[in-house]
Amino acid sequence: QVHLVESGGGLVQSGGSLRLSCAASGSVGSINAMGWYRQAPGNSRELVASITSGGDTSYAESVKGRFTISRDNAKNTVDLQMNSLKPEDTAVYYCYLRTPAWAPWYDYWGQGTQVTVSS
């Protein structure tokens, strides 16, 4: 079993910054990717950013140039640096971990952390 714990959410003004962190513990094993999804009220969950074990990154178009994902493979942690935040970034952000390194995969999820950006 894998357990993900997120931290770093909160309330920030438009244009501000926040850094989200996620730590994986338990029987982690090999990892294909880690990353972040978000879900705003009334919306479906969307991928924000992901990073593979090899360091390849992927971002939603809406956050490119503003968010940066990073990962520490040795510590099984993933961070999301969010700059130039906008009110539309307001959502619950969920960390995920995809394992094992090769398909078929299984995704583990964190409990979510609220990010609120005021205008």
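Q: In what sense do β1 and β3 pair, and over how many bridges?
A: β1 and β3 are antiparallel, with 6 bridges between them. Strands here are DSSP runs of E with at least two residues, and helices are runs of H or I with at least four, numbered from the N terminus. Two strands count as paired if DSSP finds at least two bridges between them.

Q: What kind of model is it, and what are the ground rules?
A: This is a predicted model, where local features need pLDDT of at least 70 and side-chain atom pairs count only at pLDDT 80 or more, while totals for chains, interfaces and linings use all residues. Residues are numbered from 1 along each chain as its sequence is written, and side-chain values use heavy atoms, with hydrogens and water left out.

Q: Which β1 side chains are buried?
A: V2, L4 and E6 are buried and point to one face. Buried means under 20% relative accessible area, exposed means over 50%, and partly exposed is in between, using a 1.4 Å probe and protein chains only.

Q: How many residues are in the largest nonpolar core?
A: The largest one has 30 residues, and W36, L80, M82, Y93 and L97 have the most contacts inside it. A nonpolar core is a set of buried Ala, Val, Leu, Ile, Met, Phe, Trp, Tyr and Cys residues joined through side-chain atoms within 4.5 Å.

Q: And which elements give two or more residues to this core?
A: Those are β1, β3, β4, β5, β7, β8, β9 and β11.

Q: What is L97 in contact with, leaving aside neighbours within four places in sequence?
A: Among them are V2, L4 and A24, along with Y106, D107 and Y108. Contact means heavy atoms within 4.5 Å.

Q: What about phi of N76?
A: Phi of N76 is near 55°, a positive value in a non-glycine residue. N76 lies in the loop between β7 and β8.

Q: Why is N76 called buried?
A: Because its relative accessible area is 19%.

Q: And S84, what's its phi?
A: It's positive, about 50°, although S84 is not a glycine. S84 is in the loop between β8 and β9, and is partly exposed, with a relative accessible area of 42%.
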